[in-house]
Amino acid sequence: MNTSVQSPQNGVKVIEKGTSLWADAFVRLKKNRLSMLGGIIVIAILFACFILGPVLGWLGFSATEQDLTNRFANPLSDNGLFGTDQLGRDLLMRVLEGGQISLLVAIMATVMTVTIGIIYGGIAGYIGGRLGNVMMRIVDGLLAMPFLIIVILFRELISGHVDEMARFLIDSWGWSTDLVLRYSNLVPLTFAIAGFGWLTMGRIVRTAAASLTKQEFVEAARSLGLSHARILFRHILPNMLGPVIIYATLTIPSFILYEATLSFIGLGIEPPNSSWGTLIKEGANYLETETTVLLIPAVLFSLTLFAFNFLGDGLRDALDPKASKD
Amino acid sequence: MLRTILSRLLQTVVVVFLLVTFTFFAIHAMPGDPFADAKATSPEEKAALEAYYGLDKPLPVQYFNWWKNVISNNDFGDSIAMKGRKVSTLISESFPVSLKLGLLSLVMGISLGIPLGIIAALYHNQMLDYLAMIIAMAGICVVAFVLGPIFQINIAKPLTSLNVAGWDRPADIILPAITLCFGVAAYLARLTRGGMLDVLSQDYIRSARAKGVPPLKIITRHALRPALMPAVTFLGPAFAAIITGSFVVENIFLVPGMGQHFVLGVTSKDYNLVLGLVLFYGILMGIANLLSDLVLIFMDPKLRTS
């Protein structure tokens, strides 16, 4: 709401701008030191993995070049910031490249989760009734499945098609084999994680949509004769962005965790490709004598999870002051 | 009360049925077959094996036969990947191991997480709160596959009384249980803190304070029971999940539990094993959810009337 006030000094009208919900939320977020720190770390890690890593790669640093005379070099030595791994590869480059894969999987799976969750949960919540209930019982049934079984199922169902696609891209379109194999490896995993992850998102969206549908402004929109699609996308959806954003931020770290867990047990990213999960797995094998090969990826991985979680918690408190416990 | 239980039981039956049906058709839709890895399996041998396990019949018939076998013979069939073993034997051998490990880590998780959450709520926005929440967050972020190896090298190695990995001595349960309990404790701490903060801001707590009830008594007699409700809701499914084993922890510490069967069953396309496990897991999940609902009804009188 804009209010005009007479400025006492010079008598000129000053337009005082109202603060929007988002500006308000940002002010609250800024007060939460821990989540601001989380946000800064998230940005730094995203920058390192998606910009610094490729730039260093372009400058000639390699994550795959082996140097067997320089195995397990110490960090901060001539052999790179983080030293080298069991095959003399630059650990910094390995960690940046692995992080890129881990984050890509988590972010893409989150985008898919949010999209499917909004469509499915939005429809189930908006139409409600028996059909909406049946839709949610299906979600309940799938949620009751053991996480690993559902993820492996989705992965196996998709990986055949992805392999075909990759071969097609290499053979017919002449794409670089290295590039295609590196990124095609993460597609089945992403689908598998999203295939499980959207269930919770669907539930959250349904709850929000169902309660919004009962509110007066939706009734008003209906009495104006707006179409269902317009009500859903212009009136209900914008009002659920809060919970969706909060959940999405908290979903990314849990998906990073899923990716690492699956890679750790050999069902995720497969060598020679690397992710934080595979790096931790390899590092654990040498723990008895060498600690850096486990600790560096593990610390970076945990730091990322910490940062995303604190940022998500802060966003929840900022966007939904009622839920924050002050 | 009885009606609530009956309707929940009926819902559980429906969910378990859906669960098994979905698993059945999904696992058969997966490319490949259980005999793909076996060395030098001739087409004739393969056909004979498929006939033996009934895999040559159309899918709906196989589906129907599986249920018939379960209901009329109480039998989950033979494992396909592990020749000569029955699915029920595999479950009855591995479940006690996972149950023991799961229960111990659950007890440890509860006795660590709930006090942590209460302390955090009582010292809300003070140093102790932040400390407790950072510890809880560490329980979520420092995962089992990082903790496990570190425990093995730094605790089990120097102490000769503990095996680095294995399941021969009673003491072998300790490290896997500790590794497993942190995740549970972390979630419980966060949920308990949230629940406690909710309750402490209620009017009846203020009234109790105004009447001069001692602070400790306010917590134990008035606040604790409603504050623990979110934690109890979480414990239902968590209980079912943790007593059916964790593949990661079993893998690190070489524990012969149930978690391995879930993963190896799907990857080797052992249809019978996977379906048996999913049915078993689904029933356990239903029972655990029902139990947690009953505890919630016991804890909250408001739930009793509806």
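1. Chain B of this predicted model has 14 helices and zero strands. Its elements, from the N terminus on, run α-α-α-α-α-α-α-α-α-α-α-α-α-α. Helices (H or I, at least four residues) and strands (E, at least two) are DSSP runs, numbered from the N terminus.

2. Along the principal axes, the C-alpha atoms of chain B fill a box of roughly 85 × 55 × 30 Å. Of its 306 residues, 40% count as buried, that is, with 20 or more other C-beta atoms within 10 Å of their own, the C-beta atoms being placed from the backbone (exposed: 12 or fewer; partly exposed: in between). Among contacts in chain B with a separation of 6 or more, 74% join residues 24 or more positions apart; a contact requires C-beta atoms, placed from the backbone, within 7 Å.

3. On confidence, the mean pLDDT of chain B is 86, with 97% of its residues at 70 or more; pLDDT is the predictor's confidence in each residue, from 0 to 100. Within chain B, helix α4 (residues 87–122) has the highest mean, 93, and helix α14 (residues 301–305) the lowest, 72. Where pLDDT is low, predicted coordinates should not be read in detail. For the complex, the predictor gives an ipTM of 0.80 and a pTM of 0.83.

4. The contact between the chains takes 34 residues from chain B and 28 residues from chain A. On the chain B side, α1 (2–29), α5 (127–141), α6 (144–156), α7 (174–200), α11 (247–253), α12 (259–267) and α13 (271–299) each supply at least two residues. The largest share, eight residues, comes from α1(B). By class, this side has 28 nonpolar, six polar and no charged residues. Ala, Val, Leu, Ile, Met, Phe, Trp, Tyr, Cys and Pro count as nonpolar, Asp, Glu, Lys and Arg as charged, and the others, Gly among them, as polar.

5. In chain A, the axes of helix α4 (residues 129–143) and helix α7 (residues 187–213) come within 10 Å and cross at roughly 145°. Axes are lines fitted to C-alpha atoms, for helices over the stretch in contact, and angles run from 0 to 180 degrees between N-to-C directions. The crossing of α4(A) and α7(A) is left-handed, meaning that the near helix is turned anticlockwise from the far one by less than a right angle. A:M136, A:V139, A:L142 and A:L143 of α4(A) meet A:L199, A:G202, A:R203 and A:R206 of α7(A). This contact of α4(A) with α7(A) has five nonpolar, one polar and two charged residues.

6. On conventions, residues are numbered from 1 along each chain as its sequence is written, while chains are lettered from A and ligands numbered from 1 in the order in which they are written. Local features need pLDDT of at least 70 and side-chain atom pairs count only at pLDDT 80 or more, whereas totals for chains, interfaces and linings use all residues.

How values were computed:
Two residues are in contact if their C-beta atoms, placed from the backbone, lie within 7 Å.
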